[in-house]
Amino acid sequence: MKKYAKIIAIALLIATCFMTPVMAQRKVMNYLPKYEQEPYHFGFLLGFNEMMYTIKTVDNYQNLQFSPSTWPMGPVSGETTQSISVYNIESDIMPGFTVGIIGSKRLGKYFDLRLIPTLSFADRNISYTIAIKDKNGSMRFDTINNKPIFTTFVEFPLHIKYRSKRFNNVGAYLIGGVNPKLDLASQKSNKQTDSSGNEYINNLVTRRFDCAFEIGAGFDIYNQWFKMGIEIKMSYGMLDIVKRNETQNLIYDAPIQKLSNKTFLVSFLFE
């Protein structure tokens, strides 16, 4: 359902871009006619995001065998279990929200430079399907949802904005740029204690810093007092963010060759 919502949003945006020349034929009052000639603009952003991971697994990761003691939900009895392995890994899509402050510098007739310091809040989750091989030769499967990885991103997206020619009080645009970000919640403790008092790691540990490539599109709507923008954007992390355990071959990170952030964002901008 969420996939169809994205397609519909993109289709509406494209349709709006094609409809603006038709709208230009109507006689309407142009609001803020000298707005684009001003060197600087400021405002704020409110958005809704969907955060997920892009997972690249190691070759033949399903053949990696782990000791029963590395079972993510606590030790498995070694008396009956021979080994466990990861059968499948999937990243779940989790909703969140974003707030930010807009600073825009005019570069030319159709180009702007934008810096939007933002805070993004969401959870991420990875589902593991575990294959358990018993000593009698039988195999069984169990799917566990990794406990949510809480995320609070401090972001500094720097974008180049290319604006179309304005049609009455509507204009379309494209954006592209980079987004350095810092996850303030990534270092929370991932250790839990089992019934015997032994500690074990019960989650994937990620690094704080990432840098993403971003691309998006939107349109601006001008009224008497301010300009409102509606924008969709995709953000693709460029770094491997898994923080691997150097002393243990953990079932959470051993099958993963590279883990990257990925975010879909729908924003409302007011300048």
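Between which two strands is the loop where phenylalanine 226 is found? Phenylalanine 226 sits between strand S12 (209–222) and strand S13 (227–237). Before following that residue further, here is some background on the model.

**The chain as a whole**

What you have above is a predicted model. Its average pLDDT is 81, and 75% of the residues score at least 70. Please treat one stretch with care: over residues 18–25 the pLDDT is below 50. Beyond near neighbours in sequence, that stretch has seven contacts in the model.

The protein chain contains one helix and 14 strands. Of its 271 residues, 43% count as buried. Among contacts with a separation of 6 or more, 74% are made by residues 24 or more positions apart. The accessible surface of the chain comes to about 14,700 Å², and carbon and sulfur atoms account for 61% of it.

In soluble globular proteins, nonpolar side chains tend to be buried together. Here, the largest nonpolar core has 19 residues, of which Tyr128, Leu204 and Leu259 touch the most other members. Strand S2 (81–92), strand S5 (118–134) and strand S14 (256–270) are the elements that give two or more residues to this core. S5 gives the most, with four residues. Apart from this core lies another one, made of six residues, including Leu45, Ile102, Ile175 and Leu269.

**Outside: a nonpolar patch**

Nonpolar residues also gather on the surface. Leu115, Phe156, Leu158, Val178, Leu182, Leu184, Phe209, Phe213, Ile215, Tyr236, Met238 and Leu239 form a patch there, with about 1,000 Å² of accessible area together. Strand S9 (170–183) and S12 each supply at least two of the patch residues. The largest share, three residues, comes from S12. Leucine 115, another patch member, is found in strand S4 (residues 111–115).

**Back to phenylalanine 226**

Which residues does phenylalanine 226 contact, leaving aside its neighbours within four places in sequence? They are Leu32, Ile221, Phe270 and Glu271.

Leucine 32 lies in the loop between helix H1 (2–23) and strand S1 (40–57). Although it is not a glycine, leucine 32 has a positive phi of about 45°. Asparagine 60 is not a glycine either, and has a positive phi of about 55°. Asparagine 60 lies in the loop between S1 and S2.

| Residue | Relative accessible area | Class |
|---|---|---|
| Phenylalanine 226 | 30% | partly exposed |
| Leucine 115 | 39% | partly exposed |
| Leucine 32 | 23% | partly exposed |
| Asparagine 60 | 58% | exposed |

Why does asparagine 60 count as exposed? Its relative accessible area is 58%, and exposed means over 50%, so asparagine 60 belongs in that class. Leucine 32, at 23%, does not count as buried because that class requires a value under 20%.

Conventions. Residues numbered from 1 in each chain as written. Predicted model: local features only at pLDDT ≥ 70, side-chain atom pairs only at ≥ 80, totals over all residues. Heavy atoms only, no water. Core = buried A, V, L, I, M, F, W, Y, C linked by side-chain atoms within 4.5 Å. Buried < 20%, exposed > 50% of the residue type's maximum accessible area, 1.4 Å probe, protein only. Contact = heavy atoms within 4.5 Å. Areas by Shrake-Rupley, 256 points an atom, 1.4 Å probe, with all protein chains shown as cover. pLDDT = per-residue confidence, 0-100. Patch = residues over 30% accessible without salt bridge, like charges linked within 9 Å, V, L, I, M, F, W, Y side chains within 5 Å. Salt bridge = Lys/Arg side-chain N within 4 Å of Asp/Glu carboxyl O.
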